[in-house]
Amino acid sequence: MNIKANKILWEDIFKKLKSEKRTKMDFLRSIPFFQRLKSHQLEEVSNVLHERIYEPGEYIFEAQQPGASLFLIQEGTVSIEAPLEDEKIVQLALLKDRSFFGELALLDETPRSASAKAVVRTRVWALFRNDLQKLCHSRPDIACEIYKILANMVGERLKSTNKLLNGQEAVKAAS
C-alpha cells in the first residue's frame, strides 16, 4: 500500500472514532439522568461506560441477582418485569430509547427486585457502581452531581409511589 492510501485509511479510522464519540456524547446529553453535567464532566463519564447489545428475549439482569450497574438504553426496548407469588410475571414498565433503569444498584448491593429483558435487539450502556466509586476519588465533582441526580430521582419516584398507594387506600376506605 502506498503512503497516500495508508494516510487516507488512518484518517478514515480517526474520523470514524471521532464520529462515534460525538454520537455517544449526543446520546448521553439526551438522557435526563446526565443533563445537569457539563460537557467535560460528561466526557469523563463516557469513558467509564460499557456498551452491550442484547438480543430479543435476552435478560439484561434477573430478579434476585445482585445489582451492579445503571443501564442507559441507546436503542431498543426493555421490559421491566417482576415475579408474582404464583410464579407469574407482571410487566412493570416498557422502556425505550433514552430511558434508563437499574439506578438503585449505584447505591448498594441489594438484589434486584425485578428483571430487565430485551424485547427487540437493544443497545445499552452500563455505568457500574465500582466505576462510580472510582469517580468519587478521581472526580468527586462528577460523582457528587450523579449522586444528587440519583437522590432527586429516587425521591420523585418515592413520592409518585406514595401518591399511588394513598389513592388505593382512599379507594379501599370508600368501599
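Leaving aside its neighbours within four places in sequence, which residues is E81 in contact with? In this predicted model, E81 is in contact with Y59, I89, V90, Q91, L92, A114, S115 and K117 once those sequence neighbours are set aside. The residue belongs to strand β4, which covers residues 78-83, and the side chain of E81 also makes a polar contact of 2.9 Å with the side chain of S79. Because its relative accessibility is 12%, and buried means under 20%, E81 counts as buried.

In soluble globular proteins, nonpolar side chains tend to be buried together. The largest nonpolar core here holds 25 residues, of which F33, F34, V45, L70, L72 and I146 touch the most other members. At least two residues of this core come from each of α1 (3-29), α2 (39-46), β3 (69-75), β8 (122-128), α3 (129-138) and α4 (140-174), and the largest share, 6 residues, is supplied by α4. A second, separate core has 15 residues, including Y54, F61, I73 and A118. Returning to I146, this residue touches F33, F34, L37, V45 and L132 when residues up to four places away in sequence are not counted.

**The largest pocket**

Two or more lining residues are given by each of β4, β5 (89-95), β6 (100-101) and α4, with α4 giving the most, 5 residues. The table sorts the lining by class.

| Class in the pocket lining | Number |
|---|---|
| Nonpolar | 14 residues |
| Polar | 7 residues |

Technical notes
Residues numbered from 1 in each chain as written. Predicted model: local features only at pLDDT ≥ 70, side-chain atom pairs only at ≥ 80, totals over all residues. Heavy atoms only, no water. Helix = DSSP H or I, 4+ residues; strand = E, 2+ residues; numbered from the N terminus. Buried < 20%, exposed > 50% of the residue type's maximum accessible area, 1.4 Å probe, protein only. Polar contact = N/O pair within 3.5 Å; in protein donor to acceptor, adjacent residues only side chain to side chain. Contact = heavy atoms within 4.5 Å. Core = buried A, V, L, I, M, F, W, Y, C linked by side-chain atoms within 4.5 Å. Nonpolar A, V, L, I, M, F, W, Y, C, P; charged D, E, K, R; others polar.
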